[in-house]
Structures are given as C-alpha cells and as structure tokens.
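Hello,

Here is the structure I promised you. Please open it next to this email and follow along.

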Amino acid sequence: SCCSKIICNGCNIANQIREVKGKLLLKCPYCRHQLPQSQEEAAQIRMKRVEVNDPVAIWRLGVRCRREGDYESAFQHYKKAAELGNADAHYNVSCVYRDGEGVEKDKKKEVYHLEEAAIAGHTFARHNLACYEGINGRHERAVKHWIINAKLGDQKSMEGLKESYPDGLVSKEDFAAALRAHQAAVDATKSPQREAAELAREELEKIKRHREREVVAGNLSSLS
C-alpha cells in the first residue's frame with residue numbers, strides 16, 4: 001500500500017473488486033487516500049515514507065536498488081531497515097552476506113541475520129536456518145526449526161520433516177502434532193478472495209509469458 005502497510009493478495013483483490021463494482025476511486029486499503037496517479041507521484045510518496053524512517057519503505061527501496069543493479073545502495077537500505085527491526089530486511093542482509101553482493105561473504109553474519117529474521121517470524125529464514133543446521137550435523141536443531149515453521153503453515157518445512165521422519169530424526173508424536181498444526185494453519189489462510197487473487201496472479205503470469213513469446217518471435221522475424 002502507499003503507506004507501506006502489508007496486505008495479503010486476497011484482501012487487496014477483494015478491495016479492488018469492491019471499488020470497481022461500486023465505480024469508486026481506487027484508494028489505499030489502509031489510509032484510504034487516493035492511489036498515486038503517476039510513477040512520479042508514487043516515487044514521491046515512497047521517499048516521504050523513507051524520510052520518516054519507515055522500515056518497510058526503506059527495505060522496499062533496497063529491493064528496488066538491487067533490481068537496478070545497485071548492490072551497494074541496496075545493502076545500505078537493507079541494513080538500515082534491519083536495524084529498525086524489519087524481518088524481510090534481516091533476511092535480505094543474510095542473503096547479501098551469503099552471496100557476497102557488494103560485500104565480502106561472511107557466514108557468521110549471514111547466520112546472525114537469519115536468526116534475527118526467524119525470531120521476527122520470517123519463515124524463509126527459519127527454513128534456511130534448519131537447512132544450515134542439518135548440513136552441519138545438528139539435526140535436532142534443524143528439526144526444531146522445521147516444526148516451528150510447519151506449525152505456521154510452511155510447506156517446505158513440512159517436507160523437511162517428512163524426509164526426516166523415516167530416519168528417526170523426528171518422533172512420531174512431534175511429527176503428528178506438526179502435521180495437524182500445519183494443516184490447520186493452511187486451512188486458516190483459505191478464502192474465496194485469496195483463491196480469486198491466485199487465479200488473477202496465474203492469469204497475469206500467462207499474459208506475461210505470452211508477451212515474452214511475442215517479443216522473441218518478433219526478434220527472430222527481424223533476423224530472418
């Protein structure tokens with residue numbers, strides 16, 4: 001949203017459908033201000049949020065910088081947002097130290113920021129931590145991470161438990177409890193709005209792939 005709040009795709013689609021059907025102005029679902037009418041206006045709004053130290057806005061600016069190939073600026077924005085407590089930023093900082101994008105690779109700092117992101121509820125980070133522990137032979141710690149994540153509905157962590165169960169790395173009771181909690185978490189996230197959002201996403205992906213094929217075909221045609 002324009003005020004840097006995070007909203008699920010289902011709620012976003014439901015709000016857009018309500019506004020379109022009612023022939024209403026498109027507004028931010030949180031602050032109810034009219035959405036920006038140009039890229040320039042959107043950029044100004046983003047920078048205002050950055051200037052007041054909004055951690056989500058700063059993190060998103062880092063993501064934008066990385067997409068543009070400015071890894072040094074991306075890292076600085078990620079780092080600042082992480083200092084302000086943003087879980088996504090901690091995760092991105094860990095990835096930067098893992099891949100060495102604009103900084104030297106540092107396993108200790110990578111793991112530290114993974115831990116900070118996981119503590120803040122970042123499921124990707126906790127799953128990566130589980131894999132890290134497993135690779136280093138600390139299977140009990142890996143399983144604990146997967147159990148926490150699986151209960152939050154994370155599918156990759158549930159798969160990790162399924163692979164660990166036959167080897168006796170997770171008890172029958174813990175596995176069954178994690179499986180029940182995982183299914184309950186998944187069921188709790190289901191809604192007609194989110195299903196509509198997923199269908200819309202798939203349709204957009206189809207359109208994107210079609211356009212990409214058209215560009216490729218056009219380029220090949222110009223070469224012939």
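Which residue just after α8 takes a positive phi? Glycine 153 does, at about 100°.

Some ground rules. This is a predicted model, where local features need pLDDT of at least 70, side-chain atom pairs count only at pLDDT 80 or more, and totals for chains, interfaces and linings use all residues. Residues are numbered from 1 along each chain as its sequence is written, and side-chain values use heavy atoms, leaving out hydrogens and water.

Now helix α8, residues 139-151. (Helices are DSSP runs of H or I, at least four residues, numbered from the N terminus.) It has 13 residues and reaches 18 Å from its first C-alpha to its last. That is close to the 18 Å expected at 1.5 Å a residue, counting 1.5 Å times one less than the number of residues. Its buried residues (under 20% relative accessible area, 1.4 Å probe, protein chains only) include Val143, Trp146 and Ile147. The buried residues of α8 pack against α7, α9 and α10. Contact means heavy atoms within 4.5 Å.

Next, α2 (residues 39-51) and α3 (residues 55-67). Their axes, lines fitted to C-alpha atoms over the stretch in contact, come within 8 Å and cross at roughly 125°. Arg46, Met47, Arg49 and Val50 in α2 meet Ala57, Ile58, Leu61 and Arg64 in α3.

Last, asparagine 92 sits in helix α5. It is buried, at 17%.

Best wishes

Methods:
Helices (H or I, at least four residues) and strands (E, at least two) are DSSP runs, numbered from the N terminus. Buried means under 20% relative accessible area, exposed over 50%, partly exposed in between (1.4 Å probe, protein chains only). Axes are lines fitted to C-alpha atoms, for helices over the stretch in contact, and angles run from 0 to 180 degrees between N-to-C directions.
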